[in-house]
Structures are given as structure tokens and as C-alpha cells.
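Work through the exercises below with the model open. Each task is followed by its solution.

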Amino acid sequence: MNLNQFISEKLEKLRKEKGLGVYTLCNKAAISYETYRSIRKNRNKDIYLRTLLILLQTLNISPKEFFDDPAFTDGTIDLDFK
């Protein structure tokens, strides 16, 4: 799994756990629906750190919580630095 796919899937899981709709999340985070849709559909080559941090703040998840995942250390994620 590549990094963007992992982030996309994890954000969607957190959004659903918090009971937020896509439009509600986008509205609260003040990001466009198209931006989130691109992340969600894994269409971005890279996800801006600022956007990710805004989404995490909106979901009330700390960056430490988000990145404290075994997938980052067990080789599950392909960082693809090509």
C-alpha cells in the first residue's frame, strides 16, 4: 500500500468513527469538497501536510495519534520516493 492510500483510508475510517459526513468535514475544516475527494479517491500524487493537519485537527486527532501506527514501521507502507 502506498502512503497516500494509507492516509486516505485512515482519514475515511476516522471520519466515519466520528460520525461526520464528507460535506460536514469539509465545511468544518474549511477545505473544498474537491480537495477532500481527491484525497479520498487517492488521486493526489502528494497530500499537503497543512491539509492533513487541518483535517486531523477537525477530527480531533493529534498527529501523534495518527502516525502512531505500526504500518509506519512494519513495512506495510511503500513511501515510493521515485
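How many aromatic pairs does a search of the whole structure find? The search finds 4 aromatic pairs. Rings of Phe, Tyr and Trp (its six-membered ring) pair if their centres lie within 6.5 Å; planes under 30 degrees apart are stacked, over 60 edge-to-face, the rest tilted.

The model is predicted: local features need pLDDT of at least 70, side-chain atom pairs pLDDT 80 or more, while totals for chains, interfaces and linings use all residues. Residues are numbered from 1 along each chain as its sequence is written, and side-chain values use heavy atoms, without hydrogens and water.

**Exercise 1.** Classify the pair F6 and F72.
- Step 1. The ring centres are 5.1 Å apart and the planes stand at 80°, so the pair is edge-to-face.
- Step 2. F6 sits in helix α1 and F72 in the segment after α5 (63-67), 66 residues apart. Helices are DSSP runs of H or I, at least four residues, numbered from the N terminus.
- Step 3. F6 is buried at 9% relative accessible area; F72 is partly exposed at 30%. Buried means under 20%, exposed over 50%, partly exposed in between (1.4 Å probe, protein chains only).

**Exercise 2.** Classify the pair Y23 and Y33.
- Step 1. With 4.7 Å centre to centre and 20° between planes, the pair is stacked.
- Step 2. Y23 belongs to helix α2 (residues 22-29), Y33 to helix α3 (residues 33-40).
- Step 3. Y23 is exposed at 60%; Y33 is partly exposed at 26%.

Key:
Helix = DSSP H or I, 4+ residues; strand = E, 2+ residues; numbered from the N terminus.
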